[in-house]
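My notes follow in the order I checked them.

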Amino acid sequence: MPEETLLAFDYGTKKLGVAIGNTLLRQARPLDIILEPTRIGRFARIASLIDTWRPERLVVGLALDTDGSDQYATNRCRRFANQLHGRYGLPVELVDERGSSVEAQRMTGQAPDDAVAAAIILQRYFDAT
């Protein structure tokens, strides 16, 4: 399998956590938190990250209830993933994000860090593939 760079997103309506990793090292690291208040601004920042890092694949955390069923945010995450694919033409993988914010908070010892949560989501992807 050729080496691929991946960007991962912890989707939220007010902010997006972003992480990066590659299939060679299979280690995710926090990259950025996008705080743009408008959709246009968010996608412009995402486009800038894609131009800079040239990922071959994107990963989006999928919000699910504790029992694995869909919740209100599930469809928003799927919609965001579809928008990423449509805008940038890159494959997008959805990964269960349950507990990633709590885990990020435990790791940092403070309020959940969305970029750390995105790294946890990406690491789950690496660990599962």
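Helices here are DSSP runs of H or I with at least four residues, numbered from the N terminus. I am working from a predicted model.

**Entry 1: arginine 76.** I looked up its place and found arginine 76 in helix α2. Is arginine 76 buried, partly exposed or exposed? I noted a relative accessible area of 33% for arginine 76, so this residue counts as partly exposed.

**Entry 2: the positive patch.** Which residues gather in the patch of positive charge on the surface? I listed Arg39, Arg76, Arg79 and Arg87. I then checked which element gives the most to this patch: helix α2, residues 72–88, with three residues.

**Entry 3: glutamate 97.** I placed glutamate 97 in the loop between β5 (92–96) and α3 (100–108). Glutamate 97 is buried, yet I found no salt bridge for it. The nearest side chain of opposite charge is arginine 124, 7.5 Å away. A salt bridge needs a side-chain nitrogen of Lys or Arg within 4 Å of a carboxyl oxygen of Asp or Glu. I also wrote down the contacts of glutamate 97, leaving out residues up to four places away in sequence. They are Asp10, Gly61, Leu62, Ala63, Ile121 and Arg124.

**Entry 4: serine 69.** I found serine 69 in the loop between β4 (57–62) and α2. Its relative accessibility is 29%, so I put serine 69 down as partly exposed. How far apart in space are serine 69 and valine 59? I noted 20 Å, C-alpha to C-alpha, for a pair ten residues apart in sequence.

How values were computed. Residues numbered from 1 in each chain as written. Predicted model: local features only at pLDDT ≥ 70, side-chain atom pairs only at ≥ 80, totals over all residues. Heavy atoms only, no water. Helix = DSSP H or I, 4+ residues; strand = E, 2+ residues; numbered from the N terminus. Buried < 20%, exposed > 50% of the residue type's maximum accessible area, 1.4 Å probe, protein only. Lys, Arg positive; Asp, Glu negative; His and termini not counted. Contact = heavy atoms within 4.5 Å. Patch = residues over 30% accessible without salt bridge, like charges linked within 9 Å, V, L, I, M, F, W, Y side chains within 5 Å. Areas by Shrake-Rupley, 256 points an atom, 1.4 Å probe, with all protein chains shown as cover. Charge placed at Lys NZ, Arg CZ, Asp CG, Glu CD.
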